[in-house]
Structures are given as C-alpha cells and as structure tokens.
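This briefing sets out selected features of the structure shown below. Points are grouped by topic.

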Amino acid sequence: MSYVLRNALIPTSTGYETRDVHIEGEQIAEIGPSLAVTGTEVDARDKLLLPGFVNAHTHSSEMWQRGIIPPYPLELWLAQLQEYSPLDTEKVYLSALGTAVETLLTGGTSVVDHLVLIPGQELATIAAAVRAYRESGIRAFIGPLIQDQALSAGVPSGGSATLQQEAYPLTTAEVLGIVEEAVRQFHRPEEGITLMVAPTGIQLCSDDLFRGCVELSQKYNLPRHSHLLETRAQQMLAQEKYGCSAVEHLQRIGYLDNKTSLAHCVWLTDADIEILAQTGSTVVHNPLSNLRLGSGIAPILKYRRAGVNVSFGCDGAASNDSQDLLEAIKIGSILHNVTDLDYRHWMTPRESVEMAARGGAKGLGMAEQFGSLAVGMQADLVLYDLTQLSLLPRTDPIGLLVWGRPTQVVDRVWVRGRQVVAAGTVTTVDVNKLRRDLFAHSHWDPLRKSKQVKQLEAHYRRVMGLPE
Ligand SMILES: [Zn+2]
C-alpha cells in the first residue's frame, strides 16, 4: 500500500516546515516539498506529523481493576491486584484490545505489555494477547511476566522472620520452558509481534531465572525487560538479598545491556546510574504509577544528564488508572521541575516527544527500525489535528501537545505502513463492540475487600516503620 501525505507539518531542528511524506509498503520512502508520486492521497494540511510513541511499560489485564484499588503502596496494592486478577483468556483478549486502542488514540504506535499470565494457562494467555494486538495492528512487545518466588518473598524481612514464605508452584526450569515455547509459537518481529524476556524483578526472581532469561535473549535475539527498584522496600530487600544494590547485582549476573529496559528506577544511587549509562540500559519512566502508589519521583533529570536513555510508560491501568500516553508524557516531563532548581536541566516538549518515540524504540534495541521521522524508517506515524479545540489557539504545536491536555487530537495513525486510525477512529477494531464487551464482562464493585492485604499489612507496616 502506498500513501502520500500532502502538506504535513513536521518538526525540524529550527522549527517546523510543511512537507509531503510518501509511505511505500512498510517504510517512509520520501519526504519533501510537492512530491511527484502517486498513492492514496491524504490531506495533511494543518496537521502535525510525528513518529509514533512507545507505551514502554504496561500490564494490559490490569484494566479490569482500574479505579478500584485503594491508596496503597506497591506491596499491598500488588496483594489486592493478584487476588482479583482475571482468570479467563477472553478477558485478557479484551483488555489487550482496550490497551491497544487507548495507546493508539493517544499517540502510541507500540506497546510493551509485561503480561500477567493466568496460572496453568500461560500459553493461552499469551495467545489471547497476541490475537488482540494482531487485530488492532499496533506493534506489540510482549514480555510474559515471570517469577519463581512467591509474593511474600518480595517484602523485606526487616531482620525478623515473621512472614511465612510459601513455595512457588513452578520450578525455574518450568518457568523458562514456558517462555521459550511462547517464543517458538508467537515471536514474529517481522509481523509486528516481538516476544521479550521479562522477569518481574529482583524482588520475586532468583539469579537462575535472570540468567536463563539472558540465555534466551541471546539465543533468540529478544529484548529484555524488568521492573527495577520501584519502591524503597525493594531497595531494602536488595541489600538483604545481595548485600549490594540491585543494579550492581543485575550487572554482575549479566542482565543489563543496550536492549534492556527497566521500568520505574525510582530508588537508584549515583553509582547505579553510572552502571545504567555504561551498559546502555534504558529507564522506562512511569510517572502516574509512581505517584499513585507513592513510590517516589524517579531521578529522570539525573539519568538524562548521565546519558541514560529514558522512555515513557503508562504502567498497568490499575496503578495509573488510565492508558493515556500523552498524559504520562506531560506529567513525566513537568514533575521533575520541582526536583532541580536549575531550570536549564528541565525537559522541553521536544525532548519529551523524542524520548517517547526514539527513546522507546532505543530501549527495545530498534531505534534503527522505527521511532524517527526519516526516509528508510518503518512508517509508524501519527498525524495530529491542529484544528481541534484543545490545540488552539495556534502557538507551538509540540508545546500544545505535551503541556496541554489534548483530547481527540489523533487524526490518523500508521503502523508498519498500515493505516489503523482514520478520522480519529481505530479502523481495525470494532470499538463499540469492545465497549459493550468490557461492560458485559464486569460489574460495579466499590466495596471490594482484599484478604491478602489483611494478611500482609501488619508485617509491611512494621518493616517500614509505620505505626500499627
Ligand atoms: Zn509494572
């Protein structure tokens, strides 16, 4: 399929210029004034063309619990989340579809789904998400969320052994076997579906699990993903577990490299930051989730000054509680102004969109394939309608997009050269049917109470030095 976008506004190093953009097959074939080519003509006048963003960390099935988990820190929030995780693959399919739609309509063309697996139906869970992402046409990176230790292992002991450690039902080899089988069945990067290795984090994973993931990553050329030091409790746990920081430990066991992306990174030391820079690792900034769970403010300005690549994620919809990528980019950009008096370190809107697009692709080891508006790159592109009320009056298009509260501004989207959004509507998914299905598969449940939180809470409060 061939498209010619006529008179699109595109950013240049000094401002903006009006250009035609020719998409041929999956790629951007030409960019220039008044191109003499044929193809489906798209009137892009008064529209801003940007490379698509990467929603670089989310958990699609958390959509079923958005807006309901009380104001808890991660460790207690997680206990409630797990207790009510969806256990049927139809729900997994619907929430993956919902995540794709919300990402596409807020500037994203790629999603990294750190996918929670239904116990005993792991491959069927992955199959359901793959089906949704293929249908939607979004570029998907699916990291089956794995661990080989039970939830209670994720809370520091604080020197006491009061918390009972139950065994995890699968062995490390069994967990790795599931990932490898998933890679064989579903890993098709040339079709827009990439599998990743994605141990949940140091808090619930053994060294053998991390090492096994490194092997799979090398064997199949897979991006690596994990949560890292999201909370202060995890920082304490790393010291208890390893006697050093989690970052030092991950470097020692070989997990960090230039296609490793790490979600959160709130509690890192200056020495840790240096290690991330040296290894070429990427930080995925999830500002909404960090605020919602009280995890802290990730030192993003320090990362940027140290040369660490940073991208943006929404994180799962139960800790956000949305999948609006433009919202995450806005908060994730201005949040840090309160952490550094020197305004010259603050992020500009142009830097933010670069982080969201190219930074996201780089974190997946794919910055040569997509994430930039240049000839030869994959056509993962978003056209924003600059005549929408939330982008008026006319000042600086990218400033309005990042700092404003843009609503319904995504006009058209292409992923790998295929158009998936037209006139502000996702064309690959029956969104009205999706709405009906999400409604029918859920019910109002405001009085939900978690038994698991009750079991964990006294211990958590003691370890964290909170009054009983
Ligand atoms: Zn997460």
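**Briefing: core, domains, helix packing and local backbone**

Beyond its neighbours up to four places away in sequence, A129 touches S60, V92, A96, D113, L115 and I142. The model is predicted. The domain assignment divides the protein into domain 1 (2-50 + 374-425) and domain 2 (52-363).

**Nonpolar core**

- The largest nonpolar core comprises 137 residues. A96, A100, L104, A129 and I142 are the residues with the most contacts inside this core.
- Helix α2 (residues 89-104) gives the most to this core, contributing eight residues.
- Residues of this core come from both domain 1 (2-50 + 374-425) and domain 2 (52-363), so the core lies between them.
- Two of the core residues with the most contacts, A96 and I142, are also among the residues that A129 touches.

**Contact between the domains**

- The C-alpha centres of domain 1 and domain 2 are separated by 30 Å.
- In the contact, 18 residues of domain 1 meet 21 residues of domain 2.
- On the side of domain 1 that touches domain 2, two or more residues are given by each of β14 (381-385), α13 (397-403), β15 (410-415) and β16 (418-422).
- Helix α13 supplies the largest share of that side of domain 1, with five residues.
- By class, the residues on the side of domain 1 that touches domain 2 are 14 nonpolar, one polar and three charged.

**Packing of α2 with α3**

- The axes of α2 and α3 lie 8 Å apart, and the two helices pack at an angle of about 35 degrees.
- The crossing of α2 and α3 is right-handed.
- Helix α2 takes part through T89, V92, Y93, A96, L97, A100 and V101. Helix α3 takes part through A124, T125, A128, A129, R131, A132, Y133, E135 and S136.
- This contact of α2 with α3 consists of 11 nonpolar, three polar and two charged residues.

**Packing of α3 with α4**

- Helix α3 (residues 122-136) packs against helix α4 (residues 172-186) at an angle of about 35 degrees, with 10 Å between their axes.
- Helices α3 and α4 cross in a right-handed manner.
- From α3, the contact draws on E122, L123, I126 and V130, and from α4 on I178, E181, A182, Q185 and F186.
- Six nonpolar, one polar and two charged residues make up the contact of α3 with α4.
- I178 belongs to helix α4. This residue counts as partly exposed because 17 C-beta neighbours lie inside 10 Å, whereas a buried residue has 20 or more and an exposed one 12 or fewer.
- Apart from neighbours within four places in sequence, I178 is in contact with E122, L123 and P144.
- Between I178 and I297 there are 119 residues of sequence separation and a C-alpha to C-alpha distance of 35 Å.

**Cis peptide bonds and positive phi values**

- Most residues other than glycine have a negative phi, and most peptide bonds are trans.
- The peptide bond from N320 to D321 is cis, with omega near -5 degrees. D321 is placed in the loop between β13 (309-312) and α11 (325-334).
- L392 and P393 are joined by a cis peptide bond, for which omega is about -5 degrees. P393 lies in the loop between β14 and α13.
- S34, although not a glycine, has a positive phi of about 40 degrees. S34 occupies the loop between β3 and β4 and counts as exposed because it has 8 C-beta neighbours inside 10 Å.
- D46 is a residue other than glycine with a positive phi, near 65 degrees. The loop between β4 and β5 (47-51) holds D46, which is partly exposed because 17 other C-beta atoms lie within 10 Å.

**The loop position of T38**

- T38 is located in the loop between β3 (27-32) and β4 (40-43).
- T38 is exposed because 9 other C-beta atoms lie within 10 Å, and the limit for an exposed residue is 12 or fewer.
- T38 and H22 are 16 residues apart along the chain, and their C-alpha atoms are separated by 8.7 Å.

Conventions: Residues are numbered from 1 along each chain as its sequence is written. This is a predicted model: local features need pLDDT of at least 70, side-chain atom pairs count only at pLDDT 80 or more; totals for chains, interfaces and linings use all residues. Axes are lines fitted to C-alpha atoms, for helices over the stretch in contact, and angles run from 0 to 180 degrees between N-to-C directions. Helices (H or I, at least four residues) and strands (E, at least two) are DSSP runs, numbered from the N terminus. A crossing is left-handed if the near helix is turned anticlockwise from the far one by less than a right angle, and right-handed if clockwise. Two residues are in contact if their C-beta atoms, placed from the backbone, lie within 7 Å. Ala, Val, Leu, Ile, Met, Phe, Trp, Tyr, Cys and Pro count as nonpolar, Asp, Glu, Lys and Arg as charged, and the others, Gly among them, as polar. A nonpolar core is a set of buried Ala, Val, Leu, Ile, Met, Phe, Trp, Tyr and Cys residues joined through C-beta atoms within 7 Å. Domain bounds come from an automatic or database domain assignment.
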